[in-house]
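My notes follow in the order I checked things.

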Amino acid sequence: MPSTSNTNVLKNKSTRLFIILAGFFITNAIIAEFIGIKIFSLEKTVGIEPFNWNIFGQSGSLMLSAGVLIWPVVFIMTDIINEYYGKRGVKMLSYMTAVLISLAFLIIFMSIKLTPADFWITDFKQRGIEDMQLAFSAVYGQGLYIIVGSIIAFLLGQIVDAYIFHKVRGKTGEKSIWIRATVSTIVSQLLDSFLVLYIAFVIGNDWDISLWLAVGTVNFSYKVFMAILMLPLLYLVHYSIERYLGEKIASAMKAEARYVE
């Protein structure tokens, strides 16, 4: 008779929940890393004239990294994982995600080195792209400083987030999830927003300090704004998980998470 141990593991609600949360967490983190190289104008994107802000001597439209668009999903996943699986759960996923991001970049670099087929270049020339190989390399072939900066900033940000969330939770108990979620996000993203830009663009691409401060400030402000804006979604996800797990399992998981290092 075949073993049913694997089936029994997947029937466990806490295990299935962790797999779902991990899937969203890892997928969004990897996508954010790849699209983060693009800096876009917020006002022009939404179809309005630039407000000509003056931030640290840099005037013009608000400039953000495209990666910040989906980081709010990572914030929610981080806080939910911390709530039910503790710091150990966040750390494990963060380390695994960093390894997978590195693997993804390695595979991309290997694909860049492949000699392109002639028809592939010709086909895109007919669409107005003169050198598709160069375009492919420019979009996906992020520099070493960008890769190193993003991974270091991601890991430190996640570890700090988990630590702050855990500490605030010790003060608030099971109540006021919005306080620990917001405080942990503000502290961790202050570190993440400026560190990744400094390593990737100040050290790696000779950005002026004023430009680094300007883009970092806008990115950080956006992340904090979105973290606050998405608090209702955090509560909705929290409520849905409580319904899925049931009060007994959910309470036991949260109680254990408070002491899991």
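Before looking at handedness, I wrote down the convention: a crossing is left-handed if the near helix is turned anticlockwise from the far one by less than a right angle, and right-handed if clockwise. Helices here are DSSP runs (H or I, at least four residues), as are strands (E, at least two), and both are numbered from the N terminus.

**Ground rules.** This is a predicted model, so I kept in mind that local features need pLDDT of at least 70 and side-chain atom pairs count only at pLDDT 80 or more, while totals for chains, interfaces and linings use all residues. Residue numbers start from 1 along each chain as its sequence is written, and side-chain values use heavy atoms, with hydrogens and water left out.

**Overview.** I find eleven helices and four strands in the protein. Along the principal axes, the C-alpha atoms fill a box of roughly 60 × 55 × 35 Å. Of the 261 residues, 46% are buried (under 20% relative accessible area; exposed is over 50%, partly exposed in between, with a 1.4 Å probe and protein chains only).

**Helix 4 and its partners.** Which way do helix 4 and helix 11 cross? The crossing is left-handed. Helix 4 and helix 11 (residues 247-257) pack at about 45°, and their axes are 7 Å apart. Axes are lines fitted to C-alpha atoms, for helices over the stretch in contact, with angles from 0 to 180 degrees between N-to-C directions. I therefore logged helix 4 and helix 11 as oblique (under 35 degrees is roughly parallel, over 145 roughly antiparallel, 65 to 115 roughly perpendicular, the rest oblique).

Next I looked at helix 2 against helix 4 (residues 71-113): an angle of about 50°, axes 7 Å apart. Helix 2 and helix 4 are oblique to each other too. Helix 2 passes helix 4 in a right-handed crossing. I sorted that contact of helix 2 with helix 4 by class and got 26 nonpolar, six polar and one charged residues. Nonpolar covers Ala, Val, Leu, Ile, Met, Phe, Trp, Tyr, Cys and Pro; charged covers Asp, Glu, Lys and Arg; the others, Gly among them, are polar.

**Rings.** I count ten aromatic pairs (rings of Phe, Tyr and Trp, the last by its six-membered ring, with centres within 6.5 Å; planes under 30 degrees apart are stacked, over 60 edge-to-face, the rest tilted). One of them is Phe 25 with Phe 154, tilted, at 6.2 Å centre to centre and 50° between the planes. This pair links distant parts of the chain, from Phe 25 in helix 2 (residues 13-35) to Phe 154 in helix 7 (residues 144-172), 129 residues apart.

Trp 120 and Phe 136 have ring centres 6.2 Å apart and planes at 75°, so I noted the pair as edge-to-face. Trp 120 sits in helix 5 (residues 118-125) and Phe 136 in helix 6 (residues 132-140), 16 residues apart. Trp 120 is partly exposed at 25%. Trp 120, Phe 124, Phe 136 and Tyr 140 form one aromatic cluster.

**Charges over rings.** I used NZ of Lys or CZ of Arg within 6 Å of the ring centre and within 35 degrees of the ring normal. Arg 127 lies over the face of Phe 124, 4.7 Å from the ring centre. Lys 13 has its charged end over the ring of Tyr 244, at 5.3 Å from the centre.
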